[in-house]
Amino acid sequence: MLIDNQLHAPYTDAVTSPRSPSRARHEADSLTLETLPRRRAATVGAIEWARLASPEARRLRELGFDEGVAVEVLHRARLGGGPIACRIGRMTVALRRAVARAISVSPDPMPAE
Amino acid sequence: MELPPLVAMVGNPNAGKSALFNALTGARQKVGNYPGVTVERHSGRLALDDGRPVELVDLPGAYSLDPASPDERVTRDVVTGAQAGERLPDALLVVVDASNLDNHLRFAMQLIALGLPVVVALNMVDLAERDGLVLDPAVLERELGVPVVPTVAVRRRGIDALRGQLTALVGGSPAAAGLRRLRASDGSVDDDIVTLQRRARVIATAATVSETPVRRWNHMLDSVALHPFFGPVLLVALLFVMFQAVFSWSEAPIGWIEGAFAALEAWLKGALPDGFLRSLLTDGVIAGVGAVVVFLPQILILFLFILVLEASGYMVRAAFLMDRVMAQVGLSGRAFIPLLSSFACAVPGIMATRTIEDEKDRLTTILIAPLMTCSARLPVYTIIIGAFIPARQVLPFVGLQGLVLFALYLLGIVGAFVAALLLRRTVTKGESSGFMMEMPKYQMPRLRDVGLGLWSRTEIFLKRAGTTIALTTVVLWALLSYPQAPAGQKQVDYSIAGRIASGLEVIVRPIGFNHDIALALIPTMAAREIAVAAIGTAYAIDDVEDASGEKGLVDQLRGRWSLPTALAFLMWFVFAPQCISTIAVTRRETNGWRWPLFMIGYLFAAAYVMAGITYWLAVAAGL
């Protein structure tokens with residue numbers, strides 16, 4: 001729990017500070033991991049840690065979710081709210097949509113054909 | 001006696017620690033328990049290059065030093081020296097998955113920062129190379145400041161080099177002096193995970209020589225296994241094959257075991273004079289133990305499937321597919337794995353709940369696990385169905401007997417879901433927990449690991465059949481045989497057990513249970529499969545004719561029970577928590593008597609009510 005308290009504040013500050021380059025992107029494009037099209041390479045923008053329960057937030061950090069990390073949605077379980085499997089770094093991680101909703105992403109530019 | 005130096009193996013889940021542990025220690029392994037917790041302690045001996053022995057302990061996989069589960073807590077407490085019953089390790093062997101460096105390095109860095117001597121095993125380098133990833137261990141060594149040895153545990157590559165590094169590391173200086181970063185007295189460690197993670201990513205990138213994206217077969221498998229339509233179809237098909245195999249593959253071995261016991265009985269009857277000893281051995285031990293050992297093949301087939309599904313990495317995919325369903329009753333996909341294991345036996349199932357992080361979630365899963373139709377119920381179901389349900393085809397390929405068995409399985413599942421729903425709204429009320437899980441790469445299950453798993457199950461089962469079950473049936477035999485009934489009186493009614501049963505009969509009479517069932521229910525508290533043995537023993541003693549074989553028992557049942565009684569008896573076994581091992585493991589896992597007592601209470605209540613309803617409905621329907 002200590003880690004969460006210590007990390008929450010500074011990290012959220014960093015994300016919402018006007019200097020943060022991700023913020024502009026985040027506002028211009030409100031895509032989250034929940035809505036990111038499947039198999040579309042993207043980068044993690046801001047993560048709204050405050051929306052997550054603290055054990056969830058901690059595990060999310062431990063699995064490597066962080067601003068600027070490459071992410072890709074691999075699978076969605078059934079229509080209507082099943083979990084999402086995504087690639088984060090080199091790992092495949094399953095998470096629920098409510099958590100995915102707290103993670104904003106920006107799609108990488110499409111590679112030139 | 002001076003203890004050998006202790007080396008602890010630490011790493012993320014799925015880093016291949018166990019395979020490396022097996023490669024380092026071979027057969028010289030010991031499985032114990034940490035005091036006060038039910039986390040298993042795997043340790044083994046290893047001889048260093050200079051001949052000195054070292055004790056190697058394989059710690060549970062963890063993501064960081066901030067524990068989320070009892071397993072992870074043990075890992076943290078051991079490496080910080082806070083674990084009761086374990087000394088501070090003299091060195092750490094940190095295992096990282098070469099193809100998942102950016103994540104595993106973070107935990108490695110956290111461990112290195114503790115200040116103990118460390119050697120890093122860069123494990124599964126072959127799989128990384130297959131994925132097109134070439135790494136430079138020298139860069140890792142420089143950045144981490146500790147020796148790094150590339151290994152392929154399953155092929156024993158790098159094992160000698162690793163042992164060489166350990167030889168240099170262990171015993172050089174008193175290790176305890178090196179522990180420089182133990183902050184709180186409770187062993188907790190504060191680390192900025194995000195900063196460490198970023199640093200880990202930088203190092204991982206620096207150590208990457210080249211990376212060629214290759215089409216990974218892992219993704220191809222997942223695109224079927226996790227497909228919105230084909231995924232669930234595959235899961236149902238796998239479960240169907242599993243349960244089908246339990247019955248069809250086991251037929252032949254069951255025949256062999258039955259034959260062996262029958263031969264043994266015939267031999268004893270010929271070798272011994274009629275009397276006390278012969279009756280004890282044939283009616284007591286062989287009738288009782290034989291009735292139970294017959295089910296070993298089915299139990300092993302079930303465990304074979306579960307071990308293979310687990311080792312291949314498919315189990316996590318199943319959890320993924322089941323999360324939505326489990327969420328409906330307030331659980332998560334994680335609960336699916338322990339619940340599926342509970343179909344084999346609730347004891348390993350309940351132990352597997354340790355991976356569930358949320359306390360309420362875990363407790364709910366423990367409380368409903370005994371409702372999954374465990375293999376110990378099979379003997380009871382099989383005998384009763386065989387005796388009372390006609391072997392009639394209701395549909396092409398669907399027999400009535402199989403349908404009833406399927407319905408009993410289904411009833412257990414539905415019962416468990418209803419129970420979870422109610423529990424989550426009352427006693428285990430709380431925020432619905434999340435579902436977040438790493439999905440490991442698919443792996444070919446290794447024959448040796450599956451074999452070892454099956455062997456340990458066989459050992460446990462036979463030990464139980466040879467001790468608890470044998471003893472219970474012998475005690476029951478004695479209670480049934482004495483005092484000897486005078487002429488004209490029935491032995492079963494006149495005996496001590498019969499008199500106890502007459503007391504219980506008053507309670508169970510309203511739900512259609514007769515004197516024989518009341519008699520069987522008492523020893524069955526030890527284990528469900530005893531029900532068959534107990535009834536078998538009772539009828540063997542009661543009958544002049546030999547009735548200890550299955551054939552005899554079935555005919556006996558048909559003559560003595562009505563159909564509503566048999567149906568009520570089946571329903572009772574769907575719910576009744578008649579298993580001392582389950583109760584004991586629940587007590588251990590929940591640290592006290594409160595939850596096991598609650599479990600016993602609610603399950604017996606459910607069993608009584610459901611058996612009663614079944615009986616009266618069946619009577620009303622004129623069955």
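The structure is a predicted model, in which local features need pLDDT of at least 70 and side-chain atom pairs count only at pLDDT 80 or more, whereas totals for chains, interfaces and linings use all residues. Residues are numbered from 1 along each chain as its sequence is written, while chains are lettered from A and ligands numbered from 1 in the order in which they are written.

Along its principal axes, the C-alpha trace of chain B spans about 90 × 60 × 45 Å. The table sets out the two chains, with helices (H or I, at least four residues) and strands (E, at least two) taken as DSSP runs numbered from the N terminus. A residue is buried if 20 or more other C-beta atoms, placed from the backbone, lie within 10 Å of its own, exposed if 12 or fewer do, and partly exposed in between.

| Chain | Secondary structure | Buried share |
|---|---|---|
| Chain A | four helices, five strands | 43% of 113 residues |
| Chain B | 27 helices, 12 strands | 48% of 623 residues |

From the N terminus on, the elements of chain A follow the order α-α-β-α-β-β-β-α-β. Contacts require C-beta atoms, placed from the backbone, within 7 Å; among those in chain A between residues at least 6 apart in sequence, 65% join residues at least 24 apart. In chain B, residues 24 or more positions apart account for 73% of the contacts with a separation of 6 or more.

Between the chains, 35 residues of chain A are in contact with 32 residues of chain B. On the side of chain A that touches chain B, α1 (2–16), α3 (54–62), β2 (70–76) and β4 (91–95) each supply at least two residues, and α3(A) gives the largest share, seven residues. By class, that side has 18 nonpolar (Ala, Val, Leu, Ile, Met, Phe, Trp, Tyr, Cys and Pro), seven polar (the others, Gly among them) and 10 charged residues (Asp, Glu, Lys and Arg).

The two chains also share an open sheet of six strands, ordered β5(A)-β1(A)-β2(A)-β3(A)-β4(A)-β12(B), with antiparallel pairing. β5 (103–107) of chain A and β12 of chain B stand at the edges with a single partner strand each, so one side of each is left without a neighbour in the sheet. Strands count as paired if DSSP finds at least two bridges between them. β4(A) pairs with β12(B) (residues 436–438) over three antiparallel bridges, and Ala94(A) stands opposite Met437(B) in β12(B). Within chain A, two bridges join β1(A) (residues 42–47) to β2(A) in the antiparallel sense, and Thr43(A) has Ala70(A) in β2(A) as its bridge partner.

### Helices of chain B

The axes of α12(B) (residues 296–312) and α19(B) (residues 447–481) come within 10 Å and cross at roughly 145 degrees, where axes are lines fitted to C-alpha atoms, for helices over the stretch in contact, and angles run from 0 to 180 degrees between N-to-C directions. The residues of this contact divide into 11 nonpolar, two polar and two charged; among them are Phe303(B) of α12(B) and Phe461(B) of α19(B).

Elsewhere in chain B, α22(B) (residues 515–524) is largely enclosed by the rest of the structure, because eight of its 10 residues are buried; these include Ile517(B), Leu519(B) and Pro523(B).

Technical notes
Contact = placed C-beta atoms within 7 Å.
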